[in-house]
Amino acid sequence: MKESLFSLAERLESLKAGILAALSLLLAFGMAETANSLMLAKSLETLPAMDFNLVVRGAIALISGFLFGATYRYAIRRDTNPHLKSGVVLAFGLVRGFGQLDIGLSNDAGILLDPNIWLFAAMDAESILMFAIASLSLDFAIQHNWIKPFNSN
C-alpha cells in the first residue's frame with residue numbers, strides 16, 4: 001500500500017500555514033477597516049452594501065485566510081516561480097473582490113456609470129493586497145523554517 005502524501009506531519013504544517021495566514025489576513029483586514037473608517041467615512045455611508053456586521057466580515061476574512069494558507073503552502077511546494085505565488089494571491093484576492101463587486105452590481109443595475117464603481121475597484125485591490133500580506137507572512141515563515149514547505153516526494 002502506497003503511503004499518502006498527506007501524512008500527519010504534512011497536515012500539521014498545513015494547519016500552521018492556515019493559522020498564520022488567517023491571522024495575517026485578519027490583521028490586514030483590521031488595518032484596512034481602520035483606514036477606510038478614517039479616510040473614507042463619508043463615501044462609505046452612501047453604500048448599503050457596506051453595512052455588514054464587522055464581526056461577520058472579520059470571521060469571513062479569518063476563514064478565507066485559513067483556506068488561503070493551506071492552499072498556498074500546497075500550491076507553491078518548493079517552487080520558486082514568482083508567477084505561481086502571485087497567481088494564488090490573485091486567485092484568492094480577485095474571488096473575494098469580485099464577490100464584493102457582485103454585491104454592488106445586485107444593488108444598482110447602473111453601477112458601471114456610478115462613481116461608486118471606483119470604490120468597488122479599490123475594494124478589489126484591497127483584497128489582493130490583503131492576500132499578498134498573508135503570502136509574505138507565509139514566505140517569511142517558510143524561509144525561516146517555522147513552517148515547512150509541502151513535500152511532494
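**Entry 1: ground rules.** I worked on a predicted model in which local features need pLDDT of at least 70 and side-chain atom pairs count only at pLDDT 80 or more, whereas totals for chains, interfaces and linings use all residues. Residues are numbered from 1 along each chain as its sequence is written, and side-chain values use heavy atoms, with hydrogens and water left out.

**Entry 2: helix 3.** I took helices as DSSP runs of H or I with at least four residues (strands would be runs of E with at least two), numbered from the N terminus. Helix 3 covers residues 54-76, 23 residues in total, and spans 32 Å from its first C-alpha to its last. That is close to the 33 Å expected at 1.5 Å a residue, where the expected span is 1.5 Å times one less than the number of residues. I then looked up burial, calling a residue buried under 20% relative accessible area, exposed over 50% and partly exposed in between, with a 1.4 Å probe and protein chains only. The buried residues of helix 3 include Arg57, Ser64, Phe68, Tyr72 and Arg73. Just after the helix, Arg77 has a positive phi of about 45 degrees.

**Entry 3: salt bridges.** In general, side chains of opposite charge can pair when their charged atoms come close. I counted a salt bridge where a side-chain nitrogen of Lys or Arg lies within 4 Å of a carboxyl oxygen of Asp or Glu, and the search of the whole structure gave four. One of them joins Arg73 to Glu10 at 2.4 Å, N to O; this pair links distant parts of the chain, with Arg73 in helix 3 and Glu10 in helix 1, 63 residues apart. Arg73 is buried at 1% relative accessibility, and Glu10 is buried as well, at 12%.

Arg57 has 13% relative accessibility and counts as buried, and Glu33 is buried with a relative accessible area of 17%.

I also noted Lys16 with Glu13, a salt bridge at 3.0 Å, N to O. These two residues are three apart in helix 1, so about one helical turn separates them. Lys16 is partly exposed at 35%, while Glu13 is buried at 10%.

**Entry 4: aromatic pairs.** I paired rings of Phe, Tyr and Trp (its six-membered ring) when their centres lie within 6.5 Å, with planes under 30 degrees apart called stacked, over 60 edge-to-face and the rest tilted. By this rule I have six aromatic pairs. In one of them, Tyr74 and Phe150 have ring centres 4.8 Å apart and planes at 70 degrees, so I recorded the pair as edge-to-face. Tyr74 is in helix 3 and Phe150 in the segment after helix 5 (117-143), so the pair ties together parts 76 residues apart in sequence. Tyr74 is partly exposed at 36% relative accessibility, whereas Phe150 is buried at 2%.

The rings of Phe140 and Trp146 are also edge-to-face, because their centres are 5.3 Å apart and their planes stand at 70 degrees. Here Phe140 is partly exposed at 40% and Trp146 is exposed at 53%.

For a charge over a ring, I required NZ of Lys or CZ of Arg within 6 Å of the ring centre and within 35 degrees of the ring normal. Arg77 lies over the face of Tyr74, at 4.2 Å from the ring centre.

**Entry 5: core and contacts.** I took a nonpolar core to be a set of buried Ala, Val, Leu, Ile, Met, Phe, Trp, Tyr and Cys residues joined through side-chain atoms within 4.5 Å. The largest one has 19 residues, of which Leu25, Phe68, Tyr72, Met130, Leu138 and Ile147 touch the most other members. Two or more residues come from each of helix 1 (8-39), helix 3, helix 4 (82-107) and helix 5.

Phe68 and Tyr72 also form one aromatic cluster with Phe92 and Phe131. Taking contact as heavy atoms within 4.5 Å, and not counting residues up to four places away in sequence, I listed the partners of Phe68, among them Ala21, Val88, Phe92, Phe131 and Leu138. Ser64, also in helix 3, is buried at 19% relative accessibility and, with that same exclusion of residues up to four places away, touches Leu25, Phe92 and Phe131.
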